[in-house]
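Hi everyone, thanks for making time. Please have a look at the sequence and the structure first, and then I'll walk you through a few places in it.

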Amino acid sequence: MEDSWHQLKPRTGFLVRLADRLTDQSWQTLTQLYQPIIGPSAAGLYSALFWLPERATYKRHATLLGLLGMDLAHFYEARLRLEAAGLLTTKVKTANELTSFVYELRAPLQPADFFRDDLLSVQLLGVVGEEVYRSLVTHNTPQTTDSADEVDITKNFLDVFHVDGQELKQLPAAITATRDELPVDAGAPVLKGTNHDDFDFKLLGDILEHSFIDTRALRSQRQLLLTEHATYGLDEVTMARYVGEATDLATNQFDPEQFKRVIAQSFGQQHRAQPAASEQTPSAAALAQAPTDQHLSSAEQALIKVANTTVPAVFLQAIKQKRGGYITDGEQRIIRDQVSRQLFPQSVLNVLIYHMLVDSDKPTLSKALMDSIANDWSMKKIQTPQAAIKEIREHQQTASKPRRSRNRQPTVKETLPDWAKKPAEAQSQTTQAKLSPAQQQKLQERIARLQERTADGKEE
């Protein structure tokens, strides 16, 4: 984003929006965890923006500077600190040659998420020291301790309410439509475009609670669990079973690598003997034959529909089965790596898989090629399957154009010196002209002797 310092003046207008809901816990976290990092001026600016009367209407910065008792330079520095800490999003707009700002306040992270964030936790540790840091962790993440004579008889959701599994697999349109309109929580790590929000970690914890597995140690593997869920579409019950298979009975230690191997092997065994998928997917040349306008063909619409509703591993398996192939272990690792990088929604990743296998007619996924295309799409900010298909069209059109022949390199003509242009006879005469009469006589005799020897050799 362009530096907006030159656009900031006391008379410049601004308004404030709340991107998140702030609670009492939010203010405690701001004071105890964020303020040591951002400083009291930035914390004061955050508070002033929140409590500003009629914050949704435009005001001049001069009003805010008067409330804070600071000049523009210190205000700008405090604003940058809030932006860097993820507490403020600044937007600028220009209309009728007038510049104004929109300040969106974001809620502080939950304490546990704050301490899981590498940047924030390292910065806080450097400011307050190890002793204070440990006390802040203890104070802000209280853990209940059960007495020996207490027995937990709490019922979970499924114990109390009856839920039809079929309804969960195919959610009503009212739920899916409104869920798409919900804002994305930018506070915690999010797997873009995946169905991670339908994965219930509390239910998983309830399932594992009465097992030998240490659920507290499993909390640090949250991102791994989300990646496997997003890649393979695993539900809570299945996930709990795989967690159990990857945990050592003797030490209760969870092995992440074994966890990934178990899931990959199980997925391969489940789908190896299954018939080809029945979904109608586009033909191999569908994208190449697509119209050049912005309207999607029926083949592309079918592709987007399947890509939006299928997790990457299952999508890849459907393509392989239709072509009589199977997913290799390397391909599963490639897909898992792409999901964990969180570059695209699952629909875009599926279109990329389709493009590499079907449209490009490749038998297997290539990690190098997928990384190359993924890097290109990431730099071009492609985040929808429609944008991905448009990019594929443009690439194919460019590749189909005949390449211009390279201009022939001009022939370099060497200019010979005058002496080189003279015929041999002239050169001989010139040479002889420089010899004395006695030298010329000896030269003629030598030439005659050579000619006699040559003649004698031919006669023999």
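Predicted model: local features only at pLDDT ≥ 70, side-chain atom pairs only at ≥ 80, totals over all residues.

**Confidence, helices and rings**

Residues are numbered from 1 along each chain as its sequence is written, and side-chain values use heavy atoms, with hydrogens and water left out.

The mean pLDDT of the protein is 75, and 73% of its residues reach 70 or more. Residues 184-196 are another stretch with pLDDT below 50, and the model gives them 30 contacts beyond near neighbours in sequence.

Now to helix α7, residues 130-140. Helices here are DSSP runs of H or I, at least four residues, numbered from the N terminus. Which residues of α7 are buried? They are Tyr 133, Leu 136 and Asn 140, where buried means under 20% relative accessible area, exposed over 50% and partly exposed in between, with a 1.4 Å probe and protein chains only. They sit on the same side of α7 because they cover an arc of only 60° around the axis, taken from the directions from the helix axis to the C-beta atoms. These buried residues pack against α1 (24-38), α5 (111-116) and α6 (118-128). The face turned away from them carries exposed Glu 130, Glu 131, Arg 134 and Thr 138.

Next, the aromatic rings. A search of the whole structure finds 11 aromatic pairs; rings of Phe, Tyr and Trp (its six-membered ring) pair if their centres lie within 6.5 Å, and planes under 30 degrees apart count as stacked, over 60 as edge-to-face and the rest as tilted. One of them is Phe 50 with Trp 51, edge-to-face at 4.8 Å centre to centre and 90° between the planes. Phe 50 counts as buried at 11% relative accessibility, whereas Trp 51 is exposed at 60%.

Phe 50 also has a charge over its face: Arg 55 lies 5.1 Å from the ring centre. To count, NZ of Lys or CZ of Arg must be within 6 Å of the ring centre and within 35 degrees of the ring normal. Arg 241 lies over the face of Tyr 242 too, at 4.8 Å from the ring centre.

Conventions:
pLDDT = per-residue confidence, 0-100. Contact = heavy atoms within 4.5 Å. Helix = DSSP H or I, 4+ residues; strand = E, 2+ residues; numbered from the N terminus.
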